[in-house]
Amino acid sequence: MDIVPSETLSPPQCDDDACSCDSSEIDEQNHFFDVIQAFSTYIACSMKRVIKYEQDSRKMSSFGKTHFEQIFIDRIASLKQKIAINQEFLSFIIQPQLQTMDQSQFELASEWNASKVRSTLSQFMREWSSEGQDERNQYTPLFLSTLERYLPISETRQPSVLIPGCGLGRLCFDVAQRGYRVEGNEFSYFMLLGSSAVLNRLLVADNHKKDQPNITEGTDEQDTDDESTWTIYPFVSQFNNNTSFENQVRPVVIPDTHIDSFPPDWAMSMSAGEFCQVYDEQPSSFDCVIFHFFIDTAHDIAEYITTVSTTLKPGGIFMIYGPLLYHYGDMETEYSVDYTFDDVKHLLRTSHFELLDESVHQCTYCADPRSLMKTVYSAHFILAKKKI
Ligand SMILES: C[S@@+](CC[C@H](N)C(=O)[O-])C[C@H]1O[C@@H](n2cnc3c(N)ncnc32)[C@H](O)[C@@H]1O
């Protein structure tokens, strides 16, 4: 059973000379090609920064050289090796798609797409490594305890939970493991390809060696017998605020959990597409909707709230958690209605929601716990109920 449906990971193919695709389908195909190209050319894009590091290190003062010349030569070799290992993992993610594409046409990815690939590696650290556990503990217990209090599972009732903007799907997995029926939703191919690799292929790979990370002791080499865990280096391109070089190149093992197979009553799925477009058509479908670092991805939060109000059953629960760091706020070509949290609460009250609870939580997002710099958000948590 595929949790992320494979058909969502290939846009409509067009081999027809008399092409009848409309322009949005062609845009979609081009975008998909760009994403695969960005995964494939990660190594070349990342090496540009290493080359600068190398060139700059040659300009070191003679005092610096006395102590660090050889050390920097060794560091450069180490960075190149780690980036090459990251590339192996990224190529594994897109392996099924690569087979159908003309790779001879690949060029270096744009800086925007290259940065999305680097963020995907950080997102893997946040969601699917033991290093991300502390960050996940900032929110997962809150969601689970709220679900268990307001929507307990019984023999006759398995409540359904929708998690839009679910990233790589870890929260969906953790909620589904508690016995809820969960549907994740995403519109980013970077995230959909990543979640497909981990949920469809890694978690249930039957050759995993239990309790044993896939890194050969004393080396950085992938254990070739075991493709169910991968060692990646999510901080390797982070040259600022490092306490030590060892921290910059430290390995992280993906995933931090395995299951032998999904149990028969397991109920988790993923939909691909823009949240409002997908769920405006699905009235009264879910007992709960969780916005987890998602509300500020809206052009206009009022539209998201309208969609939640449609797709939630009467009496259903709506949880919002995160800051208001508007994704489109600084983009000149996009619009963004920049509401405050007070405004959000007003929108909820006037959309037939009753506010049940509210709290503030200090949290980080894809933070390197060992970095000299961290952004800490005062994430707002709002619990609301759709009036009957
Ligand atoms: C800030 S990330 C949060 C990811 C995850 N919930 C977490 O906390 O780690 C927001 C996610 O929402 C997705 N997203 C943004 N706008 C969306 C939309 N309108 N429909 C579906 N997904 C969207 C993005 O692709 C991104 O993965």
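I began with strand β1 (residues 160–164) and strand β6 (residues 286–292), which pair in the parallel sense over two bridges; I took strands (E, at least two residues) and helices (H or I, at least four residues) as DSSP runs numbered from the N terminus, and counted two strands as paired if DSSP finds at least two bridges between them. In this pair, valine 161 stands opposite cysteine 288 of β6.

Before going on, I noted that this is a predicted model, in which local features need pLDDT of at least 70 and side-chain atom pairs count only at pLDDT 80 or more, while totals for chains, interfaces and linings use all residues. Residues are numbered from 1 along each chain as its sequence is written.

I then traced the whole sheet, which is open and made of seven strands in the order β5-β2-β1-β6-β7-β9-β8, with mixed pairing. β5 (268–272) and β8 (353–363) stand at the edges with a single partner strand each, so one side of each has no neighbour in the sheet. From one strand to the next the twist averages 15 degrees, where angles run from 0 to 180 degrees between N-to-C directions and axes are lines fitted to C-alpha atoms, for helices over the stretch in contact.

Helix α12 (residues 341–349) packs on this sheet, touching β8 and β9 (377–386), and its direction makes about 155 degrees with that of β8; I counted two residues as in contact if their C-beta atoms, placed from the backbone, lie within 7 Å.

β8 and β9 pair in the antiparallel sense over ten bridges, and cysteine 363 stands opposite tyrosine 377 of β9. Strand β7 (residues 312–322) also pairs with β9 in the antiparallel sense, over six bridges, and there methionine 319 has leucine 383 as its bridge partner.

Next I looked up a helix pair: the axes of α1 (residues 23–40) and α3 (residues 62–98) come within 9 Å and cross at roughly 140 degrees. The contact is made by Ile36, Phe39 and Ser40 of α1 with Leu90, Ser91, Ile93, Ile94, Gln97 and Leu98 of α3. These residues divide into six nonpolar, three polar and no charged, with Ala, Val, Leu, Ile, Met, Phe, Trp, Tyr, Cys and Pro counted as nonpolar, Asp, Glu, Lys and Arg as charged, and the others, Gly among them, as polar.

Last, I checked the ligand, which 16 residues surround, the closest being Gly165, Gly167, Ser188, Phe293 and Thr297; a residue counts as near if its C-beta atom, placed from the backbone, lies within 6 Å. The shell has seven nonpolar, six polar and three charged residues.
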